[in-house]
Amino acid sequence: KNCGILTEGILDEKKGGIGSAVIGIGVNIAESSEGFPEEIVSVAGSVFGKTCEVIDKNKIASAIIFEVYNAVKSTFAGDKSAIKEYSHRSIFIAGQKLTMFPVACSTEQSYEASYVGIDEQAHLIVEKSDGMRVALNSGEVTLRSSLQID
């Protein structure tokens with residue numbers, strides 16, 4: 001895992017839905033010479049590895065902000081290309097087993113499911129063991145696979 005994205009929707013009662021969102025993006029630019037701590041070394045990664053030239057983190061941050069802004073702006077304007085690309089670049093493979101962790105306030109317990117796809121609203125579509133398909137817009141997913149992603 002080289003990066004992580006955390007989003008939080010802020011409800012707008014007048015609109016009857018999400019009025020705004022807070023997006024947090026963390027990127028492991030480079031690994032320190034000591035490496036990652038033992039508890040995360042098997043899952044952590046970085047964009048440039050241990051050895052890299054001096055990196056202008058401000059340029060990377062501004063490029064990420066620029067791309068996210070343009071993707072969100074075009075999506076709200078009805079352009080589905082960002083969601084299609086997001087789906088195309090998904091690291092999940094059809095049928096791949098996932099462990100689903102519902103949002104914190106949910107009474108639902110974690111469960112196993114199979115990856116189906118990503119819909120036009122960027123919801124993760126999974127199939128539960130009973131065959132029921134669910135469109136998820138929040139929660140956490142853990143991969144349970146021996147697949148190597150290059």
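Predicted model: local features only at pLDDT ≥ 70, side-chain atom pairs only at ≥ 80, totals over all residues.
Okay, ground rules. Local features here need pLDDT of at least 70 and side-chain atom pairs count only at pLDDT 80 or more, while totals for chains, interfaces and linings use all residues. Residues are numbered from 1 along each chain as its sequence is written, and side-chain values use heavy atoms, with hydrogens and water left out.

Let's start with the core. Which residues make up the largest nonpolar core? There are 11 in all: Phe92, Leu98, Met100, Tyr111, Ala113, Tyr115, Ile118, Leu124, Val126, Val134 and Leu136. By nonpolar core I mean buried Ala, Val, Leu, Ile, Met, Phe, Trp, Tyr and Cys residues joined through side-chain atoms within 4.5 Å. Buried is under 20% relative accessible area, exposed is over 50%, and partly exposed is in between, using a 1.4 Å probe and protein chains only. Strand 3 (97-101), strand 4 (111-118), strand 5 (124-128) and strand 6 (133-136) each supply at least two of the core residues, and strand 4 gives the largest share, four. Strands are DSSP E runs of at least two residues, helices are H or I runs of at least four, and both are numbered from the N terminus.

Now look at strand 6. Strand 6 runs antiparallel to strand 5, with four bridges joining them; strands pair if DSSP finds at least two bridges between them.

On to charges. The salt bridge count is one, where the rule is a side-chain nitrogen of Lys or Arg within 4 Å of a carboxyl oxygen of Asp or Glu. That's Glu127 with Arg133, closest N and O atoms 3.0 Å apart. Glu127 is partly exposed at 28%, and Arg133 is exposed at 54%. Also, the charged end of Lys128 sits over the ring of Tyr111, 4.7 Å from its centre; that needs NZ of Lys or CZ of Arg within 6 Å of the ring centre and within 35 degrees of the ring normal.

Last stop, Val47, in the loop between strand 2 (17-27) and helix 1 (57-76). Val47 is partly exposed, at 46% relative accessibility. Beyond neighbours within four places in sequence, Val47 contacts Asn2, Val27, Asn28 and Ile29, contact being heavy atoms within 4.5 Å.
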